[in-house]
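Visitor: I have a sequence and a model on my screen, and I'd like a friendly tour. Please take me through the details one question at a time.

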Amino acid sequence: MPLEDKVLAVVEGKEITQKQLNLLIEQAPADQQAQFRTREGQRQLLNEMIAQELFYLKGKDEHVEDTEQYQKEFSEMKEKFLKSYMISHFMSDIKVSEEELKAYYQEHSNQFIAPDSIRASHILLPSKQQAIDIINEINKGDKSFEQAAKDYSLDQSNRNKGGDLGYFHKGQMVAEFEVAAFALEPGEMTKEPVKSQFGYHIIKVTDKKIKEKIPFEAAHDSLHRFLLGQKQNRAYVNEAEDLKEKYSVEIKLGI
């Protein structure tokens, strides 16, 4: 018997299988799925599935479906579901072609310009005097910037990469660091330590990107979501207007 067909419990003759439990795990929020895949998590979920079946049986025995309140709520639920289903089904038929994506990308090329960015490295130190001493050491050629970062920097996450922070644009770093870094040209290093809330920085800029165009491939997915949303919204509004010709609508609220 395949593992997914394994029967985990039987409630009044109805089987609860591993496949059903797995499906429930997949429908859970992403941050909870790992917890439910553990042995204890699956046991808790199985107990919940059993409890729901028991309440279902209780409702059948008490003929809840025949009550006026149940019929009213069930009717409202069916109406909401049908609305949701019809809108979802209508939207699923709307597509955005590759040709449409490329045409928009070419016609609106000014929208696909990345903000100015630089690539920089830094050495983070606890005192201004130590930073000054290391700047002098680098300028004399006694040690490279990258080696000094590995030997002295307090930034554990980047020191082994020679202090490399990668590319960043304005607004991503603390103000003091950002002002000093963007004032440098590629290959330049700060002449004086730069103080921030983290300590004293020696900064070296290694590359600069000015008004660089974002490639179509990099913009593809976000552009697809944008155009699909636009297209769906237009189609939804137009379809609603067309349906007003078929069904009577009377607006009584004076707005």
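Visitor: Is Lys 208 buried, exposed or partly exposed?
Guide: The scale calls a residue buried under 20% relative accessible area, exposed over 50%, and partly exposed in between (1.4 Å probe, protein chains only). Lys 208 comes out at 23% relative accessibility, so this lysine is partly exposed.

Visitor: At what pLDDT do side-chain atom pairs count in this predicted model?
Guide: Residues are numbered from 1 along each chain as its sequence is written, and side-chain values use heavy atoms, leaving out hydrogens and water. Since the model is predicted, totals for chains, interfaces and linings use all residues, local features need pLDDT of at least 70, and side-chain atom pairs count only at pLDDT 80 or more.

Visitor: Which residue forms a salt bridge with Lys 208?
Guide: A salt bridge here is a side-chain nitrogen of Lys or Arg within 4 Å of a carboxyl oxygen of Asp or Glu. For Lys 208, the closest N and O atoms of the pair are 3.6 Å apart. The pair links distant parts of the chain, 23 residues apart, with Lys 208 in strand E6 and its partner in the loop between H8 and E5. (Helices, H or I with at least four residues, and strands, E with at least two, are DSSP runs numbered from the N terminus.) That partner is Glu 185.

Visitor: Which helix holds both Glu 76 and Lys 72?
Guide: The side chains of these two meet in a salt bridge at 2.9 Å, N to O. Glu 76 is partly exposed at 38% relative accessibility, and Lys 72 is partly exposed too, at 47%. They sit four residues apart, about one turn of the helix, and that helix is H4.

Visitor: How many salt bridges are there in the whole structure?
Guide: Some are joined up: Glu 137, Lys 143 and Asp 151 are linked in a network. Within it, Lys 143 and Glu 137 meet at 3.8 Å, N to O. A search of the whole structure gives a salt bridge count of 14.

Visitor: Is Ser 117 buried or exposed?
Guide: Ser 117 belongs to strand E3. Counting contact as heavy atoms within 4.5 Å, and setting aside residues up to four places away in sequence, Ser 117 touches several residues, including Phe 182 and Lys 208. With 11% relative accessibility, Ser 117 is buried.

Visitor: Which strands do the buried residues of H8 pack against?
Guide: Helix H8 covers residues 175-182, and its buried residues include Phe 177 and Ala 180. The buried residues of H8 pack against strands E3, E4, E5 and E6.
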